[in-house]
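Opened the model today and wanted to keep a record of what I looked up. Notes are below.

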Protein chains: 2
Amino acid sequence: MLLPRPIHRAGMKALICLLATAAASAHAGPIPDELRASAAALRDSALEGSPAYDIVESLTMEIGPRLAGSPGDRAAVAWAVDKLRELGLENVRTQEVEVPQWERGTLEVTLSGTNPMQLAATSLGGSVGTRASGIEAEVVRVESLEDLQSRGAEQITGRIVFIDRRMERARDGSGYGRTVPIRLYGAREAAKLGARAVVIRSVGTSENRVPHTGTQIYDLSVRRIPAIALAAPDADLLAWRIATGETPSLRIRSTARQLPPTTSANVIGEIPGRVAPDEIVLLGAHLDSWDLGTGAIDDGAGVGIVAAAAHLIGRQDMAPRRTIRVVLFANEEFGLSGAREYRRMSDQELAAHIIGIEADFGAAPVWRFSSRVAPAALDLIAGIQELLAPLGIEYGNNEAGGGADLRPLRTGGMPVLSLSQDGTHYFDYHHTVNDTIDRIDREEINQNVAAYATAAWTAANLERDFGRLAVEPRESR
Amino acid sequence: MLLPRPIHRAGMKALICLLATAAASAHAGPIPDELRASAAALRDSALEGSPAYDIVESLTMEIGPRLAGSPGDRAAVAWAVDKLRELGLENVRTQEVEVPQWERGTLEVTLSGTNPMQLAATSLGGSVGTRASGIEAEVVRVESLEDLQSRGAEQITGRIVFIDRRMERARDGSGYGRTVPIRLYGAREAAKLGARAVVIRSVGTSENRVPHTGTQIYDLSVRRIPAIALAAPDADLLAWRIATGETPSLRIRSTARQLPPTTSANVIGEIPGRVAPDEIVLLGAHLDSWDLGTGAIDDGAGVGIVAAAAHLIGRQDMAPRRTIRVVLFANEEFGLSGAREYRRMSDQELAAHIIGIEADFGAAPVWRFSSRVAPAALDLIAGIQELLAPLGIEYGNNEAGGGADLRPLRTGGMPVLSLSQDGTHYFDYHHTVNDTIDRIDREEINQNVAAYATAAWTAANLERDFGRLAVEPRESR
């Protein structure tokens with residue numbers, strides 16, 4: 001059920017501030033009346049219905065898991081080309097992308113002892129496996145990366161490190177950012193001190209025995225050790241055994257392995273612009289998913305939202321001034337390969353990307369709108385916020401991240417908008433077997449489509465643009 | 001959190017009726033004032049605290065899964081002997097029980113096609129496996145056992161039958177009773193029509209990708225075929241494929257197998273009676289569990305409730321008139337072996353079982369009290385109900401089932417009391433990997449202990465008994 005929320009007080013303050021700025025800048029009514037009316041009508045029609053849910057259902061039920069480089073990934077690329085065409089997008093095409101390839105294989109994690117117990121666990125993305133006979137070692141528990149780093153090698157060498165930190169539930173998903181470094185760097189840091197493997201409490205909020213996967217990053221100068229996540233109840237069990245004075249041992253057998261790189265593709269489709277077809281309003285999502293679930297909230301939802309928004313825009317009486325471009329990125333999960341490939345463009349092409357909007361946080365209602373645009377364009381943002389407010393969306397700030405796949409474009413100067421989905425329950429399902437279509441509600445995803453379509457339509461029909469952001473240095477990774 | 005509930009209107013009517021019966025039978029105040037006072041004090045002290053939660057925690061965290069005949073089962077018997085002694089019970093002993101032995105092995109269920117998908121599935125208890133290369137066949141969907149039975153063999157022969165029926169959520173767990181025949185008899189009925197395997201939608205209410213196991217029963221005159229449960233989202237997927245016009249095939253590989261019978265044990269302990277030590281008030285639960293979870297709600301909770309109730313009774317200033325006997329039955333799940341073994345007793349011994357109370361439905365608050373006693377003893381039931389009412393417990397009726405492990409005694413004439421736990425969420429976890437200690441709340445389990453201790457203490461201190469029930473014919477199975 002979609003329950004529109006009252007505009008948050010702090011957001012309202014920020015909005016009033018913006019509107020004051022807008023008034024002061026003498027651009028009274030930065031968004032022309034006619035555009036405001038067509039955007040509002042588009043918004044309301046999206047609430048009435050959109051193909052978003054059916055798109056996600058088709059992707060998850062027909063294709064299912066689509067880990068980069070897997071047969072599902074290849075099937076998804078073909079599916080996406082067909083689907084975007086079917087939705088009326090033009091210039092539908094693929095852009096080849098080299099992607100790394102990793103195979104989860106099988107995993108057994110056993111709490112040793114006279115009465116061994118199997119733990120619910122999964123390998124983290126990119127983890128190496130064990131030798132066929134497995135490894136067995138005593139467990140040493142730490143509470144954070146800092147706690148781990150403070151230990152002497154004599155405490156860690158030859159042992160399995162258990163990093164036991166709970167992720168906090170939050171509407172803005174901020175608990176993830178605070179905990180995910182454990183997943184990303186746990187194996188690397190434990191290996192530096194001589195550990196044989198690392199097991200972490202799942203970086204998620206599920207209380208079910210469904211472990212949470214996600215990428216992790218080795219340091220090539222340090223030995224690569226298996227990296228594994230335990231489901232929350234299994235982490236509880238291990239912590240309980242330690243708290244009651246036991247020194248438990250784990251036996252781990254894993255056939256996870258890296259395979260040679262292979263080919264995937266970004267899938268691109270457009271609603272061509274009427275007046276300035278070379279100017280791009282980019283709607284992004286990623287087509288790949290982790291292999292455990294069927295990638296419904298991560299990121300089938302994003303695919304459904306942006307494809308449906310473009311479809312509804314394509315059905316307007318008149319094409320937008322600028323081109324709306326949908327980019328379904330390859331391999332977000334395991335290294336942002338598609339985003340990096342897409343970024344290989346001339347400065348002129350990059351400059352033609354007027355603004356980008358990404359959907360990669362599920363399909364719960366959008367509750368906050370943030371921007372990162374040039375200060376001179378904040379009156380336009382206030383105008384868009386006015387159109388979004390009836391959806392129960394408050395304004396955040398002008399420091400939007402824009403999303404992982406847009407980051408290479410944003411650091412190259414492209415302004416971004418962030419439409420933040422309610423993340424309270426996102427991490428109950430994200431990166432687990434439970435990421436399936438039944439987590440998505442039709443009315444909620446249509447609220448998302450309304451927000452994305454409204455923002456994209458408005459941005460694509462303005463005569464003004466959003467300026468450029470300061471160019472940031474390219475990341476080494 | 002314990003939220004005492006108002007006495008249900010229908011229950012109140014039944015109670016008033018009972019009280020009227022009591023008054024009419026001229027036993028004014030069937031429960032002596034002193035006993036009423038001590039029972040109420042015991043009840044209130046249990047609410048303040050009991051060892052129940054810690055007992056379940058110890059059983060699930062130290063021993064874990066304990067499928068009949070497994071190493072965990074043997075460890076649990078030793079654990080229970082120690083635990084009952086530690087709790088101050090006397091005459092702690094084991095009674096050897098022969099139990100069947102079944103091994104789940106590994107299972108892969110794959111939705112075939114150009115892009116195969118792994119389904120979340122588990123073998124049903126006692127299922128045979130497949131040949132090593134597995135089986136693959138088209139799926140035919142039916143909606144019930146009756147629907148299956150109405151099909152011609154030509155529709156079923158050589159195929160995999162998918163029985164797709166949702167279990168309804170209900171406080172009294174009644175949805176289970178209506179759906180579980182599909183699990184019990186699906187394989188048998190499908191095999192009669194020539195099916196190669198049966199897959200059923202899990203008989204549970206979880207929306208997670210955690211399939212639900214439980215026993216199933218072959219007909220020895222019919223070929224035994226693999227019997228498998230799919231998690232709800234995976235059943236949704238299969239149903240969706242069929243609804244969209246596909247004729248899906250499944251590939252199944254299972255190493256499930258029956259092993260030779262082995263030995264387990266009932267574990268028995270007592271608070272000996274002061275006046276009539278040969279008269280037994282039986283508190284029952286079962287020690288075994290399915291192998292997927294750690295058996296917290298099924299039936300660690302029951303073990304904790306009855307052991308804690310006996311412990312609190314043992315700490316009273318005076319021993320009860322009659323003996324309180326705790327029986328932790330072996331192998332309830334896979335054939336009621338312990339209950340059948342316990343029932344092998346003389347008529348005289350059986351007659352000494354004054355009343356039985358079982359705990360085998362989790363640890364959510366008890367909301368209803370039912371009885372099955374001789375009509376002449378209904379005034380006593382009304383008296384006990386009066387003591388239970390402050391716990392938010394309403395009266396049901398005099399047609400209590402008493403529970404699976406007490407059935408052989410009940411059909412032999414022993415009266416029973418049923419204290420019904422709220423089952424609204426029980427089947428979200430029951431018989432799945434998610435049956436772990438974190439599903440249990442300390443305050444809620446203490447409400448249970450209060451109810452069981454109150455009923456047992458009162459029954460054990462009355463001079464009168466509950467009469468006998470009509471003897472029912474012994475079941476063939």
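My entries on one helix, the chain pairing and one asparagine follow.

I'm working from a predicted model, where local features need pLDDT of at least 70 and side-chain atom pairs count only at pLDDT 80 or more, while totals for chains, interfaces and linings use all residues. Residues count from 1 along each chain as its sequence is written, chains are lettered from A and ligands numbered from 1 in the order written, and side-chain values use heavy atoms, without hydrogens and water.

**Helix α3(A).** I looked up α3 of chain A, residues 52-63 (helices are DSSP runs of H or I, at least four residues; strands are E, at least two; both numbered from the N terminus). Its 12 residues reach 16 Å from first C-alpha to last, close to the 16 Å expected (1.5 Å times one less than the number of residues). I found 10 of the 12 buried (under 20% relative accessible area, 1.4 Å probe, protein chains only). Those buried residues pack against α4, α9 and α15 of chain A, plus β3 and α8 of chain B. Just after the helix, A:Gly64 has a positive phi of about 80°.

**Chain pairing.** I laid chain B on chain A: RMSD 0.0 Å, with a turn of 180° and a shift of 0.0 Å along the axis (least squares on C-alpha atoms with pLDDT of at least 70 in both). That is a two-fold axis relation.

**B:Asn331.** I found B:Asn331 in the loop between β12 and α10 of chain B, buried at 1% relative accessible area. Its side chain makes a polar contact with that of B:Ser337 at 2.6 Å (N or O atoms within 3.5 Å; within protein, one able to donate a hydrogen and the other to accept it, and sequence-adjacent residues count only if both atoms are side-chain atoms).

Technical notes. Buried < 20%, exposed > 50% of the residue type's maximum accessible area, 1.4 Å probe, protein only. Contact = heavy atoms within 4.5 Å.
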